[in-house]
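Here is a short briefing to read with the model open beside it.

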Amino acid sequence: MSATVADNRISSPVAEFWRRFRRKRVALVAGFIILLIALAAIAAPLVAPYDPSAPDYDNVLADPSALHPFGTDAYGRDILSRVIWGGRISLSVGVISVLVGGAVGIVLGLVSGFFGGWVDSLIMRFCDVLFAFPGLLLAIGVVAVLGPGISNVIWATSVFSVPAFARLVRGDALALKRAVYVQAARSIGVRPVTLMLRHILPGALPGVIVNGSLRLGNNILTAASLSFLGLGAQPPSPEWGAMLADGRSYLGVADWLTLWPGVAIFVTVLAFNLLGDGLRDALSQKLR
Amino acid sequence: MLSYLLRRLLGVVPVLVAVSIFVFGFVRLLPGDPARLMAGPEASEADVAAIRHDLSLDQPIWEQYGRYARGLLTGDLGRSSRTRQPVATEIGARFMPTLWLTIFAMAWATVAGMTTGVLSGVKRGRWQDQAAMVLAVSGISFPSFWLGLLLIDLFSVRLGWLPTGGYGTWQHFVLPSLTLGVAVAAVLARFTRSAFVEVASEDFVRTARAKGVPERLVILRHTLRNALLPVITMTGLQFGFLLGGAVVVETVFAWPGLGRLLVDSVSYRDYPVIQAEIMLFSLEFVLINLGVDLIYAVINPEIRFR
């Protein structure tokens with residue numbers, strides 16, 4: 001009898017999601033790795049064995065050893081410490097750009113889907129134009145106007161994060177505004193802003209979360225590419241892309257200069273992509 | 001079909017006008033005096049005035065745009081502020097290397113990506129599928145500049161089989177087009193697989209199988225044919241993505257193409273070249289999208305006759 005009682009209990013959406021997500025082992029591992037990277041980045045001053053920008057001319061281009069597990073660069077700076085500090089930059093760029101781009105995109109998508117008409121056409125044409133450009137080129141365009149630098153890279157990646165969120169939320173808003181519960185709320189005089197934020201937005205959140213995770217990885221990769229091209233973080237900043245650019249002159253001589261920043265970018269981006277895939281599987285009704 | 005084609009071609013015009021206004025306005029958006037910025041800190045007042053006149057910044061804004069638009073139509077894109085060469089000459093010399101690079105990358109990536117996607121879809125859930133999808137998600141996450149450096153390290157520095165960079169013989173094409181295509185192949189593999197799996201769960205596929213159609217025909221004729229439509233759109237979009245990726249790959253392999261020219265121009269604030277490149281890339285995206293839509297219309301009559 002107790003089994004029937006359990007079956008009749010309605011689990012909350014969050015519990016239902018967790019029940020499914022828990023079985024995605026790959027995504028769980030990815031989430032755990034992201035957690036580790038984030039913790040290392042936050043606690044960088046405590047975790048990093050050396051000052052990331054302190055030169056040590058007695059230990060220039062030192063092989064990986066017990067003292068310097070990832071070796072040192074042409075100024076004798078400890079690569080491990082630089083990679084740990086670099087995580088701060090990459091994660092900040094990813095998180096800020098997704099938060100800013102996501103917030104703008106969500107608002108545009110809600111307005112577009114809820115009101116329809118010319119507002120909708122205007123917003124969607126704007127998104128089409130942004131979407132038509134590959135993110136990296138768009139980012140280079142923004143940097144061309146604002147000048148190189150990591151803060152401008154954040155703006156650039158924020159801008160091209162907007163259309164994906166806007167389209168996604170618009171689609172959900174279009175469907176949900178006809179839902180009975182939304183119609184009911186409207187009929188008792190709930191204001192449009194409240195309708196959008198309280199009644200429609202929660203229904204659009206699953207898509208937003210999945211896109212957010214995939215975007216984060218993508219934006220970290222784009223930001224690292226820009227820094228590699230010399231348009232993002234400037235030396236001596238320990239940004240991963242910039243470190244790779246520095247290390248390329250020592251290819252075949254000191255491979256650890258390019259190896260570890262490369263591994264850091266790859267593992268971080270891969271983790272966000274795997275987490276995003278897992279979240280999508282757990283959140284979508286259709287099982288692939 | 002002809003009226004559809006004409007309608008679509010006419011639709012391109014306002015987009016290009018909008019982009020040209022944007023590209024024109026972008027120099028005006030810059031903080032400070034663009035002429036002073038371009039001239040550099042040690043330029044004399046006369047030099048700055050000359051550049052200002054060169055860019056016709058000393059005239060009313062609508063006249064400036066008129067002059068700019070006329071220049072675009074006649075191929076007069078101004079002079080590079082870095083090399084003093086006409087922009088058209090600079091870009092003309094870099095166009096073909098980038099085109100060839102993207103074509104080679106696209107060619108192998110399309111074949112490899114779609115084949116992997118279909119095989120993965122057929123073997124859904126089995127180890128072949130899982131291995132292919134692990135590879136694909138890694139391909140999406142791999143920074144192309146690091147991949148390029150790893151390939152150079154292995155094939156050029158250690159083995160000495162291929163050149164580290166430059167342009168000329170077929171050997172120069174191998175590593176850059178391989179590097180550039182990886183992300184596209186990975187995206188296409190994932191996308192093709194999911195399109196294939198989606199169609200494979202449709203009723204008409206089950207019906208075909210139930211009435212005894214051989215499995216090979218079910219895959220080729222019923223599933224693949226219908227899964228191909230979204231895949232073609234995605235392939236077109238990826239072509240645009242490749243042009244972006246070329247910027248990075250050209251920098252890694254010292255490739256004398258448009259992408260490296262763009263990076264150099266941004267670093268040197270060579271605005272006439274940046275403007276011309278943005279205009280050219282926009283034109284390419286618009287044409288690619290148009291091409292994709294036309295192919296779509298050929299395959300799917302529903303769109304043509306609407």
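Across the interface of domain 1 and domain 2 of chain B, in this predicted model, the rule finds zero salt bridges (a side-chain nitrogen of Lys or Arg within 4 Å of a carboxyl oxygen of Asp or Glu).

**Some ground rules**

- Residues are numbered from 1 along each chain as its sequence is written, while chains are lettered from A and ligands numbered from 1 in the order in which they are written.
- Because the model is predicted, local features need pLDDT of at least 70 and side-chain atom pairs count only at pLDDT 80 or more, while totals for chains, interfaces and linings use all residues; side-chain values use heavy atoms, with hydrogens and water left out.

**The two domains of chain B**

- The domain assignment of chain B gives domain 1 as 2–74 and domain 2 as 93–305, with bounds that come from an automatic or database domain assignment.
- The C-alpha centres of domain 1 and domain 2 of chain B lie 33 Å apart.
- Contact, meaning heavy atoms within 4.5 Å, takes 19 residues from domain 1 of chain B and 16 residues from domain 2 of chain B.
- Between them these domains of chain B bury about 1,700 Å², with 82% of it on carbon and sulfur atoms; buried area is the accessible area (1.4 Å probe) that two parts lose on being put together, summed over both.
- B:Tyr4, B:Arg8 and B:Leu16 supply 31% of the area that domain 1 of chain B buries against domain 2 of chain B, more than any other three residues.
- On the domain 1 side of that contact, helix H1 (2–29), helix H2 (34–39) and helix H4 (61–74) of chain B each supply at least two residues.
- H1(B) gives the largest share of this side, 13 residues.
- By residue class, the domain 1 side that touches domain 2 of chain B divides into 17 nonpolar, one polar and one charged. Ala, Val, Leu, Ile, Met, Phe, Trp, Tyr, Cys and Pro count as nonpolar, Asp, Glu, Lys and Arg as charged, and the others, Gly among them, as polar.

**Where chain A meets chain B**

- The contact between the chains takes 37 residues from chain A and 40 residues from chain B.
- About 3,200 Å² is buried between chain A and chain B, and carbon and sulfur atoms give 76% of that area.
- Two salt bridges are counted between chain A and chain B, and six residue pairs are in polar contact there (both at pLDDT 80 or more).
- The elements that give two or more residues to the chain A side are helix H7 (135–146), helix H10 (192–228), helix H11 (240–247) and H12 of chain A.
- H12(A) gives the most to this side, with twelve residues.
- The residues of the chain A side divide into 23 nonpolar, eight polar and six charged.

**Salt bridges and aromatic pairs**

- Over all chains, the structure holds eight salt bridges.
- A:Asp277 meets B:Arg190 in a salt bridge at 2.9 Å, N to O.
- A:Asp277 also forms a salt bridge with A:Arg280, their closest N and O atoms being 2.9 Å apart.
- A:Arg280 and A:Asp277 are three residues apart in helix H12 of chain A, so about one helical turn separates them.
- Rings of Phe, Tyr and Trp (its six-membered ring) pair if their centres lie within 6.5 Å; planes under 30 degrees apart count as stacked, over 60 as edge-to-face and the rest as tilted.
- A:Phe266 and B:Phe142 form a tilted pair, 4.8 Å centre to centre with 45° between the planes.
- This pair joins two chains, because A:Phe266 lies in helix H12 (residues 256–283) of chain A and B:Phe142 in the loop between helix H6 (127–141) and helix H7 (144–158) of chain B.

**Make-up of each chain**

- Chain B has 13 helices and zero strands, whereas chain A has twelve helices and zero strands. Helices (H or I, at least four residues) and strands (E, at least two) are DSSP runs, numbered from the N terminus.
- Along its principal axes, the C-alpha trace of chain B spans about 85 × 60 × 30 Å, and that of chain A about 75 × 60 × 30 Å.

Note on methods: Polar contact = N/O pair within 3.5 Å; in protein donor to acceptor, adjacent residues only side chain to side chain.
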